[in-house]
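Hi,

Here is the structure you asked about. Please open it next to this email and follow along.

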Amino acid sequence: MTDTKLKIAAGLERAFAKGGFAEPSVDDLREAADVSLRTLYKYTPSRADMVHLALEHRHQRYIDLLFTDLPEAPDRALSAIIDRVGVWMETEASHGCLFHSAVAASPGDQVLRDLLSRHKVEVATKAAIATGRQGYEIELNLILEGLTQSFTLHGAKAIAAAKRLAGGIPTHSNP
């Protein structure tokens, strides 16, 4: 991704996270991206393209936060992933998952639905691999998604509950 496209993606992500998908005007989005209208449309010719680019950017930031420099021990890696989801919720997603919000705002957009699916599958797959729990991607997805949905209500208690639930998922080294 070019520096300009990355700058646009970051600005769009911030604007949509702050104002939702219906609220920000094109001028608000242009201002958030800190580029001219011409440049914004060069890289994202439609509002849908703006949403898609913002979500791609958010996806990569989330993946990087969750999976960079994890502990090697499977249980410690899983605990770290859950803690990092909590950090994300505190700092980036106080209103819940931006991917789900995007699909809710535009339920007929198949590209958005595909982005949501790819995002959730990749997170669960990477979590399974990082924690030695291949074959338990659905369970991991359920725990991590449950954490993102319940965090706004329960905060640190949701993190502790997610860790308790995750402790019941065996690693490959267990029979």
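The count of salt bridges in this predicted model comes to 9. Why would such pairs form? Side chains of opposite charge can pair when their charged atoms come close.

Start with E13 and R58. Their side chains meet in a salt bridge, at 2.8 Å from N to O. The two residues are 45 apart in the chain. E13 belongs to helix α1, residues 3-19. R58 belongs to helix α4, residues 47-67. So the pair links distant parts of the chain. Are E13 and R58 buried or exposed? Both are buried.

Next, look at R133 and D75. They form a salt bridge too, and here the closest N and O atoms are 2.5 Å apart. Check the accessibility of each partner. R133 has a relative accessibility of 2%, so it counts as buried, the cut-off being under 20%. D75 has a relative accessible area of 52%, so it counts as exposed, the cut-off being over 50%.

Now K120 and E145. Their salt bridge has its closest N and O atoms 2.6 Å apart. K120 is in helix α7 and E145 is in helix α8, 25 residues apart. Both K120 and E145 are buried.

Which residues do shared partners join into one network? They are E13, R58, R61 and E92, linked by salt bridges.

Then turn to two helices, α6 (residues 98-105) and α7 (residues 110-131). Their axes come within 9 Å. They cross at roughly 160 degrees. Angles over 145 degrees count as roughly antiparallel, so α6 and α7 are roughly antiparallel to each other. The crossing of α6 and α7 is left-handed.

Which residues meet there? From α6 come F99, H100, A102 and V103. From α7 come L112, R113, L115, L116, H119 and K120. The residues of this contact divide into 6 nonpolar, 2 polar and 2 charged. Note K120 in that list. K120 is also the salt-bridge partner of E145.

Best wishes

Technical notes:
Residues numbered from 1 in each chain as written. Predicted model: local features only at pLDDT ≥ 70, side-chain atom pairs only at ≥ 80, totals over all residues. Heavy atoms only, no water. Axes fitted to C-alpha atoms, helices over the stretch in contact; angles between N-to-C directions. Helix = DSSP H or I, 4+ residues; strand = E, 2+ residues; numbered from the N terminus. Parallel < 35°, antiparallel > 145°, perpendicular 65-115°, else oblique. Left-handed = near helix turned anticlockwise from the far one by under 90°. Contact = heavy atoms within 4.5 Å. Nonpolar A, V, L, I, M, F, W, Y, C, P; charged D, E, K, R; others polar. Salt bridge = Lys/Arg side-chain N within 4 Å of Asp/Glu carboxyl O. Buried < 20%, exposed > 50% of the residue type's maximum accessible area, 1.4 Å probe, protein only.
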